[in-house]
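Student: I have the model open and would like to go through it with you. Can we start with how the parts pack, then move on?

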Amino acid sequence: MPQVTVIEHLLLHQKESPMATGRFTRLLNELILAAKIISREVNKAGLVDVLGFTGEINVQGEQVQKLDDYANMVLIHRMERAGVLCAIASEENADLVLIPDQFPKGDYFLIFDPLDGSSNIDANVNVGTIFSIYRTKEGCTGDKLCDLLQRGSEQVAAGYFLYGTSTMMVYTTGRGVHGFTLDPSVGEFLLSHPNIKTPETGRIYSVNEAYWDYWDEPTREIVRYFKGSDNRRGQPYGGRYIGSLVADFHRNLLYGGIFLYPADHRDPKKPKGKLRLLCEASPLSFVAAQAGGAGSDGVRDILSIEPEELHQRVPLFIGSKNDVAMVEEIYAKARQS
Ligand code: FDP
């Protein structure tokens with residue numbers, strides 16, 4: 001079988017992909033290199049002193065894991081030097097990461113979650129890096145948030161690296177979703193999952209059901225729909241929840257299913273759920289949509305939401321198209337009654 005790397009794949013499809021400019025290819029190359037470095041470190045977690053907490057609390061009020069910190073540092077270090085970015089935003093940094101004056105600037109804006117699912121690292125559970133790329137508007141200097149924030153539908157590329165049984169890169173530039181697996185013997189991500197399509201109706205539901213008491217009645221009805229037999233399948237969906245969004249999402253993308261992180265009405269800290277619009281919900285919704293699925297906050301397509309702040313949280317229902325539509329339908333009925 002001919003082995004195709006990410007960049008070869010991008011260049012081969014250059015005609016369909018206006019994204020394959022030299023600058024975008026450079027951006028992707030740097031991102032891939034950063035992910036390989038992170039992957040190497042994740043793979044030796046347990047052998048060297050990279051597990052556990054740094055002792056700091058991040059902007060989300062969570063304990064910072066050493067590997068989280070490391071992944072964030074690698075990404076910022078590589079990407080600020082790439083010469084193609086106007087600004088960077090990370091889940092771990094409260095404010096924009098500005099490009100230092102000594103490095104050239106470009107016209108892309110990169111947002112990432114350096115190590116999603118990191119509370120699972122110490123247990124050797126799959127974690128991942130989620131990324132989202134926008135082109136900045138003309139005249140944007142990269143230091144004003146209002147010039148950078150755009151709806152998810154404006155993303156030029158998005159995807160994730162999954163550090164699991166093998167390391168994978170899954171991404172889209174708006175022309176289908178493609179998956180590549182890192183072959184450690186050659187150090188390249190090789191095309192392994194061309195043109196991923198997710199089933200229209202899934203067979204898995206993924207939610208932290210321990211929050212049942214905190215949900216409103218329509219949310220409970222939604223979860224009852226998936227775990228009961230009075231649904232489109234005529235039998236309960238399988239329950240699978242790793243608690244690592246990128247890993248849960250990836251499994252459901254391949255097998256079909258829905259991941260739910262609803263609003264948590266009784267917890268003042270999570271009135272909109274826990275997940276972040278810009279570095280989690282939007283990039284994964286772009287991937288889901290390109291694979292034939294969808295992402296919603298229960299009312300609107302995630303990709304249509306106008307962001308107001310960098311670390312905005314949003315309820316998230318993402319995965320197979322018909323399952324996400326069912327969630328919207330149940331919430332809509334509840335609003336009418
Ligand atoms: P983590 O805190 O481990 O980084 O976005 C953060 C996230 O994990 C998601 O990856 C995961 O789906 C979710 O939080 C798990 O949250 P709960 O523990 O509340 O279920």
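Student: What area is buried between domain 1 and domain 2?

Tutor: About 2,800 Å² is buried between domain 1 and domain 2, with carbon and sulfur atoms giving 65% of that area. L149, R151 and Y160 supply 19% of what domain 1 buries against domain 2, more than any other three residues. Keep in mind that this is a predicted model.

Student: Where do the bounds of the two domains fall?

Tutor: Domain 1 covers 6–193 and domain 2 covers 204–336. Their C-alpha centres lie 23 Å apart.

Student: And how many residues are in contact across the two?

Tutor: On the domain 1 side there are 46 residues, in contact with 32 residues of domain 2.

Student: How many salt bridges are counted between the domains?

Tutor: Two salt bridges are counted between domain 1 and domain 2.

Student: What about R151, which residue does it form a salt bridge with?

Tutor: R151 pairs with E306, and the closest N and O atoms of that salt bridge are 2.9 Å apart. R151 is also one of the three residues that supply 19% of the area domain 1 buries against domain 2.

Student: How many residue pairs are in polar contact between the domains?

Tutor: The count is 15 residue pairs between domain 1 and domain 2, taking pairs with both residues at pLDDT 80 or more.

Student: Switching to the ligand. How many residues surround it, and which are the closest?

Tutor: The ligand is surrounded by 16 residues, and the closest are S119, Y211, Y241, Y261 and E280.

Student: Which domains does that shell draw on?

Tutor: Both domain 1 and domain 2 contribute at least three residues each to the shell around the ligand.

Student: What's the breakdown by class?

Tutor: The shell has six nonpolar, six polar and four charged residues.

Student: What lies 2.5 Å from an oxygen atom of the ligand?

Tutor: That is a polar side-chain atom of Y241. N208 also has a polar side-chain atom by a ligand oxygen, at 2.8 Å. For S118 the polar atom belongs to the backbone, and it lies 3.4 Å from an oxygen atom of the ligand.

Student: Last one: how much of the ligand's exposed area does the protein bury?

Tutor: The protein buries 87% of the 470 Å² that the ligand exposes when taken alone.

Definitions and conventions:
Residues numbered from 1 in each chain as written. Predicted model: local features only at pLDDT ≥ 70, side-chain atom pairs only at ≥ 80, totals over all residues. Heavy atoms only, no water. Near = heavy atom within 4 Å. Polar contact = N/O pair within 3.5 Å; in protein donor to acceptor, adjacent residues only side chain to side chain. Areas by Shrake-Rupley, 256 points an atom, 1.4 Å probe, with all protein chains shown as cover. Nonpolar A, V, L, I, M, F, W, Y, C, P; charged D, E, K, R; others polar. Domains from an automatic or database assignment. Contact = heavy atoms within 4.5 Å. Buried area = accessible area lost by both parts, 1.4 Å probe. Salt bridge = Lys/Arg side-chain N within 4 Å of Asp/Glu carboxyl O.
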